[in-house]
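Okay, thanks everyone, let me get this up on the screen.

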Amino acid sequence: AEAGQVHFMVDVHSFALPGFVSQATFALTLALLAWSDSRTRGTRWLAAACALQLLTTVSRAILPVPMRFSENLDACILVLVFFLMYMGLRWFVLRMRLESMNGPLALSAAMTTILSVGVMHPGAELAAARIAALIVLGTTIYMLLKPRVKSLADPARVVALLVFFVMCTVAFRLVLSATWLGR
């Protein structure tokens with residue numbers, strides 16, 4: 001290094017612990033809320049989404065999983081986490097069960113497609129998962145903007161905005177991965 005210049009080195013692993021602690025705290029809080037009041041079905045779905053994401057983070061850190069299997073699994077879990085989030089938020093704003101099995105069947109079809117794409121075009125499974133995640137997130141936003149419980153309309157709009165930001169992030173990552181796959 002030249003005199004007078006300061007070079008900063010950032011250890012990417014230093015971000016892992018705060019992220020893990022944050023995820024674990026949020027998952028534990030939701031799990032305790034769900035356990036303390038069995039009437040709040042939505043909290044159970046949201047706790048399941050957080051727990052699945054936390055389990056993924058922990059298993060990625062401690063289990064030696066072959067890369068191809070890990071990428072396929074991560075892609076499927078991405079969609080599943082967003083679906084669980086949809087189910088939790090749905091309970092809060094609609095207060096009703098699913099009217100049909102179309103959502104879970106579409107989720108199964110999406111996961112099958114993601115795994116198939118991963119086998120046929122290695123490296124493309126995350127792009128397929130992001131497309132499926134965008135569909136789930138779009139459906140979530142649509143559902144949030146039409147709450148059955150009118151007193152929840154304003155909070156639902158705020159959550160819809162937050163989900164929209166997540167959707168933008170997923171879309172951005174999709175564009176980046178499409179650019180990377182095209183090279």
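Let's start on the outside of α4, where Asn 102, Leu 105, Val 119 and Met 120 are exposed, meaning over 50% relative accessible area, while buried is under 20% and partly exposed lies in between, with a 1.4 Å probe and protein chains only. Before I go on: this is a predicted model, where local features need pLDDT of at least 70 and side-chain atom pairs count only at pLDDT 80 or more, while totals for chains, interfaces and linings use all residues. Residues are numbered from 1 along each chain as its sequence is written, and side-chain values use heavy atoms, leaving out hydrogens and water.

So which residues of α4 are buried? Those are Pro 104, Leu 107, Ala 110, Met 111, Ile 114, Val 117 and Gly 118. Looking down the axis of α4, they fall within an arc of 145 degrees, so they line one face of the helix; the arc is taken from the directions from the helix axis to the C-beta atoms. Remember, an α-helix has 3.6 residues a turn, so residues three or four places apart point the same way. As for length, α4 covers residues 102–120 and reaches 26 Å from its first C-alpha to its last, close to the 27 Å expected, which is 1.5 Å times one less than the number of residues.

Zooming out, the chain has six helices and zero strands; these are DSSP runs, H or I of at least four residues for helices and E of at least two for strands, numbered from the N terminus. Of the 183 residues, 33% are buried.

Next, Thr 140, which sits in helix α5, residues 125–144. Is Thr 140 buried or exposed? Buried, at a relative accessible area of 0%. Its side chain reaches the backbone oxygen of Val 136 at 2.8 Å. Setting aside neighbours within four places in sequence, Thr 140 is in contact with Tyr 86, Leu 89 and Val 163, where contact means heavy atoms within 4.5 Å.

Last stop, the charges. The structure holds one salt bridge, that is, a side-chain nitrogen of Lys or Arg within 4 Å of a carboxyl oxygen of Asp or Glu. The partners are Asp 154 and Arg 157, at 2.6 Å, N to O. They are three residues apart in helix α6, residues 153–181, which puts about one helical turn between them. Asp 154 counts as exposed at 52% relative accessibility, whereas Arg 157 is partly exposed at 47%.

Note on methods: Polar contact = N/O pair within 3.5 Å; in protein donor to acceptor, adjacent residues only side chain to side chain.
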